[in-house]
Structure formats: structure tokens, C-alpha cells
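Me: I'd like to learn how to read a structure feature by feature. Could you walk me through it?

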Amino acid sequence: MKTTNKVPAIAISLCLLIFSGCEPAFVPNQNTAKWRTFDPNDYGITAATAEDGSKRYGWSMDAEFDEGNNSIPYWGSETSFWGIPVVAGQLNGKTYPILFDTGNSVGLMVEDVHISRHNLPVWFIDSEDKKNSSGFAIVESLTVGPLQLKDYPCSFLKHHTEFRLLGALPVGRFQWVVMPMDMIGQFSYLQYDSIQKELSFSRNKRFRPADRSEWITFPFEIETKRILLKTSIEDIEVTLFLDTGAGYQLELDTAIIEQLRQQRPDLKKAWVQNTQLYSPYEKGSLKVRKFTVTNLKLDSSTLKKAELFYKETPDQGKSYPHKGTNGTIGIGLFDKTTMVLDFKRNLMWVKKAKGSRFEE
């Protein structure tokens, strides 16, 4: 399969390997003065003011869905490199990586490279400062497995993320199309199968496991376009945000880490490393610490081994973890197993697959 950003991915990989300091940077969108614009009234885009004074935009357009084509293989090179499952989709006939991101509350997102390459019509929220404005772009056609969108408004941010060598030389960037939580939540279910390396979802069919005894279930709630699991870790009650756009395993608030060390004295002896978490659409890079824990009790299950991430001290400038939660579950926790988000029952299903963290 031809990839549109294979060379940048290799460049980033080499950059990391030679220890020369490759950092993500937020860069203003390019060539905005040349972008053609559209009238939002032509696409039924409406605006409403929320209680906090922010604007909320909406429209009545829907998607077509082919129930006979609901499984898509992971895009191997992209998924392997970032640790986040992505699949191939076609935007205006050209193939791009598509990320189904429960952490995306903004809307179906495209990048400035998509807008420039396909001459997509745009509408700037701040028409006086286009270079620093977010907005909407109309995608004529977007096909992702069974999902087909036509003349659909997609959000774009006022910046994109570039990876830069020594903070100066651009060596790569994302060209992903990012599906949002409000669209994902309209499915009957969404299944990440890291064993068969495929993503599947349905609009109408219910998820029905062949043998329920092979699965663990975790109830969840959806609040402010976020999937929240109210559960426990080593009998400590926690609220965890499920972010399928995060490649790590488990990120926890510092206070929870300290409680865990009180519950599990062996964790005080764990080897702690300094590292960074990358969030191309929100935080950029975040300096954190991590350590590995074995036999971690999560609700009524026991994880054989998991990596925990945390900050040494609270970050005053950023929400870490997300406000109202004690941490974040990343998609990396479900490597070597199958995880299903069942929106009909508000349950997360995890298979007790051999070799996975959830194996009995």
C-alpha cells in the first residue's frame, strides 16, 4: 500500500535513534491566504453560544453506512510506529491514515496539508486572523470502510504538529484524519482487535460475543464527549478517561500513584524512568515518569504487567490528567487482545486472550 508520509516516519525514527533531540512543535497553518472559502449557510452550519461563552457549531448532515463491509485492517507501518491503531481511508480519492479517537471532542478533523492538497473550501472562525484561526473545511468525499461521508464539514485547528530536529529542522508531520467521539458514539459498537490487527464497527448490529465467559466487562459513562470508567485500582476508587488516540497504557494522577505505593509497598522499589508523552493535538510533549508494575488489580481483574505514567509534580499550565478524572487509559493497555466499546449497553469488553495483560 502506498503511504503518503512514509519518508517522514523514517526520518522521525532515525531522529529518535541517534539521540539528537527530535521534539514536536505547534506550527501555524500554511498558505491560509490562498485557501478558498465557503458560506456556512450553504451547508446548514449553525452556531450557538454555550453557558461559558464559547461557540458550539452543528449541522444536520449524516453519513451513509454499508453494514456488509464493517472490518478494516490496521495500517501496519503507521500502527507499529506510533502504537496507535489507524486504518486506511480515502479523502477525495487519496489514501490517508484514519484514527478513531475517543479523546477527540472537537469534531472530525483534517490538517492544513489536506486542505491545500485538495483545495478544500474553508470557513475561518476568525476571518480577521486567518493564519491563527481554526475553522471548518468541506470534504467532498471521505470513505472509511463502511462509512461514507459526502460534502461533510470537518474541523481544522489553527496549527499542525511538526517533529523538528534540534528544535529547528522539520523532519516529519502527521497527515491523519481524526474521527471524533460524537461520531464514534453513534455506532452500535467499535472493536479494536490487536490479534487479527483489524478495526470493526457497526451502526445497527449489536456486539454478541460467542462465549461471554472469555470476556471481562467494564461499565462506562459518556460525559462531555468523553468515555469515563468509574472503577478501582488496588481497591482505590478512580475515574478513568478512555483515550483510544493515546498509545500509552495507563496514566495516573500523582496522588493516586502515592496511594498505590501505600497499598503496594513493592512499588516503592520499582525502577522509575524519565520519559515523555506526545499529544500532537493538545499538549505537545509532556515530561513524565514511568515504571512497570506486575499483578495490578483493576476492578475485579488482575493485569499481569502494565506501565504506569505520572508527573512528579502537578503541572499548573495543563490539565493532567483530564479535569474530573484520576487518569487516562490509553489504547496501549489492550495490546495482544480485543477491546470492544459497546454503546448499546455502555460496556467495555476485553477478551482474556492468551499472552495479553488480561489473561487469566
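Predicted model: local features only at pLDDT ≥ 70, side-chain atom pairs only at ≥ 80, totals over all residues.

Me: Which residues touch the most other members of the largest nonpolar core?

Reply: In soluble globular proteins, nonpolar side chains tend to be buried together. A nonpolar core is a set of buried Ala, Val, Leu, Ile, Met, Phe, Trp, Tyr and Cys residues joined through side-chain atoms within 4.5 Å; buried means under 20% relative accessible area, exposed over 50%, partly exposed in between (1.4 Å probe, protein chains only). Here the largest core has 69 residues, and Phe100, Phe334 and Met348 touch the most other members. Its largest share, 5 residues, comes from strand E10 (residues 147-156); helices (H or I, at least four residues) and strands (E, at least two) are DSSP runs, numbered from the N terminus. Another core, of 12 residues, lies apart from it and includes Trp75 and Val178.

Me: Is valine 110 buried or exposed?

Reply: Valine 110 has a relative accessible area of 5%, so it is buried. Valine 110 sits in the loop between strand E7 (94-100) and helix H3 (112-118). Its C-alpha atom is separated by 6.8 Å from that of valine 178, 68 residues apart along the chain.

Me: How many aromatic pairs does the structure hold?

Reply: Rings of Phe, Tyr and Trp (its six-membered ring) pair if their centres lie within 6.5 Å; planes under 30 degrees apart count as stacked, over 60 as edge-to-face and the rest as tilted. The structure holds 23 such pairs. For tyrosine 57 and phenylalanine 136, the ring centres are 5.4 Å apart and the planes at 70 degrees, so this pair is edge-to-face. Tyr57, Trp59, Trp123, Phe136 and Tyr152 form one aromatic cluster.

Me: What classes of residue line the second largest pocket?

Reply: The lining here has 5 nonpolar, 3 polar and 5 charged residues, with Ala, Val, Leu, Ile, Met, Phe, Trp, Tyr, Cys and Pro counted as nonpolar, Asp, Glu, Lys and Arg as charged, and the others, Gly among them, as polar.

Note on methods. Residues numbered from 1 in each chain as written. Heavy atoms only, no water.
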